[in-house]
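Please keep the sequence and the model in view while reading.

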Number of protein chains: 2
Amino acid sequence: MSLDLSVDRSSPVPLYFQLSQQLEAAIEHGELTPGSLLGNEIELAGRLGLSRPTVRQAIQSLVDKGLLVRRRGVGTQVVHSKVKRPLELSSLYDDLEAAGQRPATKVLVNTVVPATAEVAAALGVAEGSEVHRVERLRLAHGEPMAYLCNHLPPGLVDLDTGQLEATGLYRLMRAAGITLHSARQSIGARAATAEEAERLGEHEGAPLLTMERTTFDDTGRAVEFGTHTYRPSRYSFEFQLLVRS
Amino acid sequence: MSLDLSVDRSSPVPLYFQLSQQLEAAIEHGELTPGSLLGNEIELAGRLGLSRPTVRQAIQSLVDKGLLVRRRGVGTQVVHSKVKRPLELSSLYDDLEAAGQRPATKVLVNTVVPATAEVAAALGVAEGSEVHRVERLRLAHGEPMAYLCNHLPPGLVDLDTGQLEATGLYRLMRAAGITLHSARQSIGARAATAEEAERLGEHEGAPLLTMERTTFDDTGRAVEFGTHTYRPSRYSFEFQLLVRS
DNA sequence: TCAATGCGTATGTCCGGACAATCGAACTAC
DNA sequence: GTAGTTCGATTGTCCGGACATACGCATTGA
């Protein structure tokens, strides 16, 4: 019942990556059942005509994803639990689209303003210097779901209102050649103010789910600071996380 | 200004791990300043008397942690932004202790009950079968901060009330030989019921931050299902996450 | 002046081998 | 029968080398 694995040495795709993708697909399709052993690395390498380090690299990437578990003296097993996705740095837009919700966006504000103390601190710019400010309403099935307020340092991205309504902010940033690296997030809750309630179609004092995020590129520059509020009846943060060991 | 790195070959600690720890410490202490190049791998390996794969393994582990960035043809640089911690699967108890808050725990309930449909589904046991139920109140500075309700399958851990008040649930599970692997979480918000408000010292209808979590061990078994409510004025989820690339 | 080219450098990928550490099971001794 | 021991199997660590690939910079050419 052994899998028919194969690699294409003429492909520019790295061999370990080809192998890891095939293994991941096999797990996804149930050809490798949870709990089953993967066969030892030496034999697997010999069967594929690869070296052991290459096979190990492929396996390791799946272990990092939480799909496999290695046990010394035993072997490598497929993890039982279904791993979904490990809380990526994804935009709400991508989240909704992946869920098949076809999100709609309404740009409320798209302008340049002097940075407040809070925004200046988050973005690492001088207080009062000009920054982009974007306020958006995210709708699903015609109902407001979240209010998104973002600030960006100047000169990074061309913020076209039309594009902002057609796609997510992160896609625009990536398209502008920005390499997103990490983000600091804070998730909390609070009661809605009258203004917030109005925007989201809730009543004043209703509980809101809040998220603050500062995103950095790979040079360590802050490239975005967002303050978001969600209607908890319509949205919650769902994710899977792995134990770092 | 080169760092004085060294490895102890007689130590049972893997060489790559010794190196990665020293590099991490150097970054932490500012001896390696953000943006600075790390020096090429070949030379570094030669200087330490290690092979290049070993040095690469050390560097890679720090890249995975978000501390370093590699650029082909350029070198390896220290990331500017201060990386805190990447949302580990840590207990609230550990979180608070790390923040120097000396958390207190009050065990409200520690008993065995028949599993409700929700609990049975989460833990993968038969509905109505016996499961442990633990209800705790977590306090900081004498003030209630969170209400924690957990269900565990039988026979896994010896749930001693005294130990539950002295430490966190995860520590007990780890001490019982359980290898935590992953967890599915959901973070949301809602208005407090009268009972919840009473427990946490809030008023009815006040916004609460909620978290539901099912934890799995490395065999894929569900080992814990928790339903937690937090006072948003006292607690929020803060974490840093990396872009998977 | 500006764009295209070439080159050095550093990381990315891959190989084949060696020994150590650990787990589980079969085996042995009491 | 039970407990301790040995042993095979498998992953963990480490080595030294080779070639590919991409980036930045200097040189060259229009």
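How many residues of the surface near DNA strand D are nonpolar, polar and charged? The surface has seven nonpolar, nine polar and nine charged residues. Here Ala, Val, Leu, Ile, Met, Phe, Trp, Tyr, Cys and Pro count as nonpolar, Asp, Glu, Lys and Arg as charged, and the others, Gly among them, as polar.

## Basis of the model

The model is predicted: local features need pLDDT of at least 70, side-chain atom pairs count only at pLDDT 80 or more, and totals for chains, interfaces and linings use all residues. Residues are numbered from 1 along each chain as its sequence is written, chains are lettered from A and ligands numbered from 1 in the order in which they are written, and side-chain values use heavy atoms, without hydrogens and water.

## DNA strand D

DNA strand D is surrounded by 25 residues, the closest being A:R56, B:R9, B:L15, B:S51 and B:T54; a residue is near a strand if one of its heavy atoms lies within 4 Å of it. The greatest contribution to this surface, three residues, comes from α3(B) (helices are DSSP runs of H or I, at least four residues, numbered from the N terminus).

## DNA strand C

Around DNA strand C there are 25 residues, of which A:R9, A:L15, A:S51, A:T54 and B:E41 come nearest. With three residues, α3(A) gives the most to this surface.

A polar side-chain atom of A:T54 is 2.5 Å from a phosphate oxygen of DNA strand C.

Notes: Helices (H or I, at least four residues) and strands (E, at least two) are DSSP runs, numbered from the N terminus. A polar contact is a pair of N or O atoms within 3.5 Å; within protein, one must be able to donate a hydrogen and the other to accept it, and residues adjacent in sequence count only if both atoms are side-chain atoms.
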